[in-house]
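Dear colleague,

Please find the structure we spoke about below. My notes on it come after, for you to read alongside the coordinates.

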Amino acid sequence: MNQYIQEAIELSFQGQRAGLGGPFGAVIVKDGVIIGRGHNRVTSSHDPTAHAEIVAIREACTYLGTHQLSGCELYTSCEPCPMCLGAIFWARPDRVYYACTHEQASDAGFDDSFIYEQVALPPSERGLPMIHLPTEGAQAAFDEWKRNEAKIHY
Ligand SMILES: [Zn+2]
């Protein structure tokens, strides 16, 4: 078995056995070295974004001192949820490996399929009301960004 996916799975046990969150684990690998580890910490840290992948991404980026994970691979005990998938795209690792599928997660009580369905809908049709408030001055932040010569692209 792949040692990195094995480590991600081990973290999925550690987190839940310590009462820190759901049964999910993830590691990030660069050049054969694990540079980020994470297990779910949602309930213990009162943070709905503290999924294993997010925790691992934060640790790896802190370690590398960058906001990008190019040249890295992410191993996770379960197929990423839509939030983590978005974070992974922003972090830009080279590849993602996952052990369990989102169907298996759903069977254990973690049903993120409704979020995938919601993402596919126009904002006005989502179950969570999303109201567009066009506001004078809001665009100015983008205009300033476009002119900002000190900006760091990401
Ligand atoms: Zn997630």
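What follows is a summary of the chain as a whole, then of the metal site, the aromatic rings and some local backbone features.

First, the conventions. This is a predicted model, in which local features need pLDDT of at least 70 and side-chain atom pairs count only at pLDDT 80 or more, while totals for chains, interfaces and linings use all residues. Residues are numbered from 1 along each chain as its sequence is written, and side-chain values use heavy atoms, with hydrogens and water left out.

Overall layout

The chain has 7 helices and 4 strands; helices (H or I, at least four residues) and strands (E, at least two) are DSSP runs, numbered from the N terminus. Their order from the N terminus is α-β-β-α-α-β-α-β-α-α-α. Along the principal axes, the C-alpha atoms fill a box of roughly 55 × 40 × 25 Å.

Of the 154 residues, 29% count as buried. Here buried means under 20% relative accessible area, exposed over 50%, and partly exposed in between, with a 1.4 Å probe and protein chains only. Among contacts (heavy atoms within 4.5 Å) between residues at least 6 apart in sequence, 48% join residues at least 24 apart.

The UniProt record, an unreviewed entry, carries the annotation "domain: CMP/dCMP-type deaminase" over residues 1–117. UniProt positions are given in the numbering used here, feature names are shortened, and annotations may be inferred rather than shown by experiment. Over residues 1–117 the chain is 45% helix and 22% strand, with the end C-alpha atoms 33 Å apart.

Zinc site

His51 (ND1), Cys81 (SG) and Cys84 (SG) coordinate the zinc ion at 2.0 to 2.3 Å. Donors are N, O and S atoms within 2.8 Å of the metal (3.2 Å for Na, K and Ca), and water is not among the atoms, so sites may look incomplete. The spacing of the donor residues in sequence is H-x29-C-x2-C. Histidine 51 sits in the loop between helix H2 (42–45) and helix H3 (52–64), and cysteine 84 in helix H4 (residues 82–91), so this pair ties together parts that are 33 residues apart in sequence. Cysteine 84 is buried, at a relative accessible area of 1%.

Alanine 50 is also found in the loop between H2 and H3. With 4% relative accessibility, alanine 50 counts as buried. Leaving aside neighbours within four places in sequence, alanine 50 is in contact with His39, Asn40, Arg41, Val42, Ser45 and Val55. Its C-alpha is 5.9 Å from that of asparagine 40, a residue 10 places apart from alanine 50 in sequence.

Aromatic rings

There are 4 aromatic pairs in the structure. Rings of Phe, Tyr and Trp (its six-membered ring) pair if their centres lie within 6.5 Å; planes under 30 degrees apart count as stacked, over 60 as edge-to-face and the rest as tilted.

- Phenylalanine 24 and phenylalanine 110 form an edge-to-face pair, 4.8 Å centre to centre with 80 degrees between the planes. They are 86 residues apart, phenylalanine 24 in the loop between helix H1 (3–17) and strand E1 (25–30) and phenylalanine 110 in the loop between helix H5 (102–107) and helix H6 (113–120). Phenylalanine 24 is buried at 16% relative accessible area, and phenylalanine 110 is partly exposed at 35%.
- Tryptophan 90 and tyrosine 154 form a tilted pair, 6.1 Å centre to centre with 50 degrees between the planes. Tryptophan 90 lies in helix H4 and tyrosine 154 in the segment after helix H7 (138–147), so the pair ties together parts 64 residues apart in sequence. Tryptophan 90 is exposed at 55% relative accessible area, and tyrosine 154 is exposed at 61%.
- Tyr4, Tyr75 and Tyr97 form one aromatic cluster.

Hairpin and positive phi angles

E1 and strand E2 (residues 33–39) pair in the antiparallel sense over 6 bridges; two strands pair if DSSP finds at least two bridges between them. Valine 29 stands opposite isoleucine 34 in E2. The two strands form a hairpin with 2 residues between them, and aspartate 31 in the turn has a positive phi of about 50 degrees. Aspartate 31 counts as exposed, at 70% relative accessibility.

Histidine 46, in the loop between H2 and H3, also has a positive phi, near 50 degrees, and is a residue other than glycine. Histidine 46 counts as exposed at 72% relative accessibility.

Regards
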